[in-house]
Amino acid sequence: MAVDYGDARTGVAFSDLGESLASPYIVIHEKYMPRLIEKLSEIAKKECAGKIIVGLPRNMDGSYGFRSDACRDFGNLLSEKTGIPVFFQDERLTTVIAHEVLSANGVSGKKRKQKVDSVSAVIILQSYLDKNNRR
């Protein structure tokens, strides 16, 4: 399970059992972190997630900023709540790539805004899967 954590919208994606292909799952519209953690916990348990990948925003030079700290705190709380290990994956440019993918597929305006976070979660998860399947 992958999570693209945002202040207003959080994208979720899952992979197949073979951990080779990521697919979008849902976008959760929730600003209050305790409710968001609860919703994600329910999804993780329902879908039998074995691990959770949280996107970790980094600056273009590779350094970590304040948003990285917020995502780490979020991931740690999610792990505590679910009992599922959380791993972090660099998410630089995932939103830009997600917008490009949606645009190339003719998704625009309001529909793009509704889907971009789940597509970002797919990109985060797929990059994690690709990196770990090469090992």
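The model is predicted: local features need pLDDT of at least 70, side-chain atom pairs count only at pLDDT 80 or more, and totals for chains, interfaces and linings use all residues. Residues are numbered from 1 along each chain as its sequence is written, and side-chain values use heavy atoms, leaving out hydrogens and water.

**Build of the chain**

The protein chain has four helices and five strands. Here helices (H or I, at least four residues) and strands (E, at least two) are DSSP runs, numbered from the N terminus. Along the sequence, their pattern is β-β-β-α-β-α-β-α-α.

A compact globule of 135 residues would have a radius of gyration near 14 Å, and the protein chain agrees, with 14 Å. This radius is taken over C-alpha atoms, and the globule rule is 2.2 Å times the number of residues to the power 0.38.

| Share in the protein chain | Value |
|---|---|
| Buried residues, out of 135 residues | 41% |
| Contacts joining residues at least 24 apart, among those between residues at least 6 apart in sequence | 63% |

Buried means under 20% relative accessible area, exposed over 50%, and partly exposed in between (1.4 Å probe, protein chains only). Contact means heavy atoms within 4.5 Å.

**Glycine 65**

Glycine 65 sits in the loop between β4 (52-56) and α2 (66-82). Its relative accessible area is 24%, so glycine 65 is partly exposed. Glycine 18 lies 47 residues from glycine 65 in sequence and 34 Å from it in space, C-alpha to C-alpha.
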